[in-house]
Structure formats: C-alpha cells, structure tokens
Amino acid sequence: MNYELNHIPVLCEEVIGSLNCKNGGFFVDCTVGGGGHSEVILECNRANRIIALDKDINAVRYAKARLSKYSGRLKVVHAGFEKLMEVLDKGNVNSVDGILFDVGISSLQLGGDGRGFSFRSESGLDMRMDQSSGETAADFVNKADEKSLYAVIKECGEERSALRIARAIVKRREKERIETTGQLVSIIESVKGSKRSRIHPATKTFQALRIHVNNELENLYAGLRQAFSVLRKGGRLAVITFHSLEDRIVKHYFKYLEKNCVCPSGTLMCTCGKESMVKIIGKMITPSEYEIERNPRSRSAKLRVIEKLKGERK
Ligand SMILES: C[S@@+](CC[C@H](N)C(=O)[O-])C[C@H]1O[C@@H](n2cnc3c(N)ncnc32)[C@H](O)[C@@H]1O
C-alpha cells in the first residue's frame, strides 16, 4: 500500500494560515495519519516543532519512517488524543502554540488493509483504530441486541433504514456469525437494495459501527477539552471534520467557549460568572473547487478555528 499516493492532506494552506505556523512555534498534530499536515507544518518554518499522535500503530510507524528526516523536530507517539494531556505531561510540555485535529479515517485505513473499515473490499470486520484493545465491529454486531444495534446505526450513522438493518443483522446471525465486510454489505443490501445512488447503501452503517467501536464522538469531545486546556494564551486550535456529527460537537464546544455567560435564558443577573475564553477565527472553511477536483475526498471537509484568550494552564 502506497500511503503517499492514497492520502492527500486536506486544506493545507488554510491549516498553515489558521495556526500561524509560519511564525514558528510548538505544535501538536493530534491525528498524524500519513504525516501530510505535520510535514507541511515542519516545512513552513525550520523552527517549528511537533508532537504528533495517532491511535493507529500503523500510522505511527508510517509517519515516523516517512518523516524521519525531521526527527530532531518531530516526535510521533502512539496514543489517542483523548489522552493528550497525559502525552504532553510525559513529554514535559506545559503549553503549546497550535493544535490540529484532522479527525476520522485515513485513506490507508479505508484502502483495504484488511481492517474492515471499507465496504468496498472483503476483510474481517474489525474497525478498531487501535487494534491492541477494545471490542471489534464483529463482536458488536454479533452480540448487541436489536435495540442497541438500532440506536448505534441510527444515531452514529443517521441511517433511515436503521431499524430494518438492525433486524436483518439479528436474523442473519441466527444462521451464521457475521465476520466479514461482505456479509455485512449483503445484509444491508437485502434491506436497502444494491442499487447505487449517490452513496453506497452500506456507507452510513459502516460509518456508524466505526464511530461506535472507536468511541469517536466522546473521544473528540475529550480531546478538544484537553487541547483547549494545553493551548497557551493566543494559541490556536484548528479542527477538520468530515461529517455533521463531528462538526456539531466542534461547533457547539467552540460556541460554549466563546460565550460570556451560560445562565439559563431569561435570567436577570448572571450568576455563572463564565467569561469568553476564546475568539472564533473567521467562518467555517471548506475546500475550494480546485482542491475538490484534485482530491474528491476533501469534498466534505470542514475546518473551524479558535484562538485562546484566557485560561492559562497552571
Ligand atoms: C484523516 S486521518 C489524518 C491524516 C493526516 N492529517 C495526514 O495529513 O496524513 C485521521 C487519523 O486520525 C487517527 N485517529 C482517529 N481517532 C483518533 C484518536 N482518538 N486519537 C488519535 N488519532 C486518531 C486515525 O487513525 C487516522 O490516522
């Protein structure tokens, strides 16, 4: 698998500009993947240093090897961003100038390396970013009751046919254990038909299972909170998401940080004492038509950026 050919980092110029990378500083890349963003950050100023994280050991190994010429300025760590503070504390880093999240899945993971992320290639149904622990997608689809299957497919996939798909999974597993992407695709197609509309019939169910297995939404929220906490005053946090559930979390958290008061509406006098902690930088950024043409995967990317005004870490 040639990762370079397969994973093109999105919104690079916009990330560099938003994080003020040209000024030089200490950055965290919370999702190093193939190292595309880390590379452009390291390239744009020779004084830049980065701690980069990824939950997937294959990405860590790949990025370390590919970016080895920067090893004096780059440290790549195998860890989830939900453990960001722990990672930085271990590295004796108290605060940083800029933090990037480019959440979701990389083209290497989607590209059929036998991990079960893609409905386009036949493999075992694993779907864990970190294969060293946790429940696989196969464990979940074979064990969960119909109600839990429905809730995950509906909430994390926003799939309209969630109930019928959950029922079909339960029915199929009475006959056989569901172990592969192909089996799951055939179950979904038995409900939704195999006709391809704009998106493949299995897209949303696969997305839902991946989000559930990796606890992606809770981890994103935990990661954002820790990122805000370790930013220096004046530091920037940039987050790229690829679907609405993630973007909603980012948008709401940024708005909460920006607000001056969070007392219930109608309260005459503020009792919460909350002050605005951040400035929201510009509007949400999406890729240009030129970028989408060059890299169709960038189509759904959304970038949001904040600058920290208050709340130095003690
Ligand atoms: C879209 S890719 C990042 C691509 C990267 N920016 C580049 O330029 O190559 C997303 C990466 O985030 C990683 N990831 C997902 N959840 C994570 C988490 N909780 N903590 C750390 N990394 C995570 C995935 O393993 C994947 O490699």
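Where does N92 have its place? In this predicted model, N92 sits in the loop between α5 (84–90) and β4 (96–102).

**Two asparagines with positive phi**
- N92 has a phi near 55 degrees, which is positive even though the residue isn't a glycine.
- With 6 other C-beta atoms within 10 Å, N92 is exposed, because 12 or fewer is the cut-off for that class.
- N20 also turns up in a loop, this one between α2 (12–18) and β1 (26–29).
- N20 has 17 C-beta neighbours inside 10 Å, so it counts as partly exposed.
- For background, most residues other than glycine have a negative phi.

**The α8/α9 pair**
- Helix α8 (residues 146–157) packs on helix α9 (residues 162–175) at about 140 degrees, and their axes are 8 Å apart.
- The two helices, α8 and α9, are therefore oblique to each other.
- The crossing of α8 past α9 is right-handed.
- On the α8 side, the contact uses E146, L149, Y150, I153, K154 and G157; α9 answers with A162, L163, I165, A166, R167, I169 and V170.
- Sorted by class, the residues of this α8 contact with α9 are nine nonpolar, one polar and three charged.

**Around the ligand**
- The ligand has 23 residues around it, and P9, T31, G33, G34 and G36 come nearest.
- α3 (36–44) and β2 (49–54) are the elements that give two or more residues to this shell.
- The shell's make-up is seven nonpolar, eleven polar and five charged residues.

Terms used
Residues numbered from 1 in each chain as written. Predicted model: local features only at pLDDT ≥ 70, side-chain atom pairs only at ≥ 80, totals over all residues. Axes fitted to C-alpha atoms, helices over the stretch in contact; angles between N-to-C directions. Helix = DSSP H or I, 4+ residues; strand = E, 2+ residues; numbered from the N terminus. Parallel < 35°, antiparallel > 145°, perpendicular 65-115°, else oblique. Left-handed = near helix turned anticlockwise from the far one by under 90°. Contact = placed C-beta atoms within 7 Å. Nonpolar A, V, L, I, M, F, W, Y, C, P; charged D, E, K, R; others polar. Near = placed C-beta within 6 Å. Buried ≥ 20, exposed ≤ 12 C-beta atoms within 10 Å, placed from the backbone.
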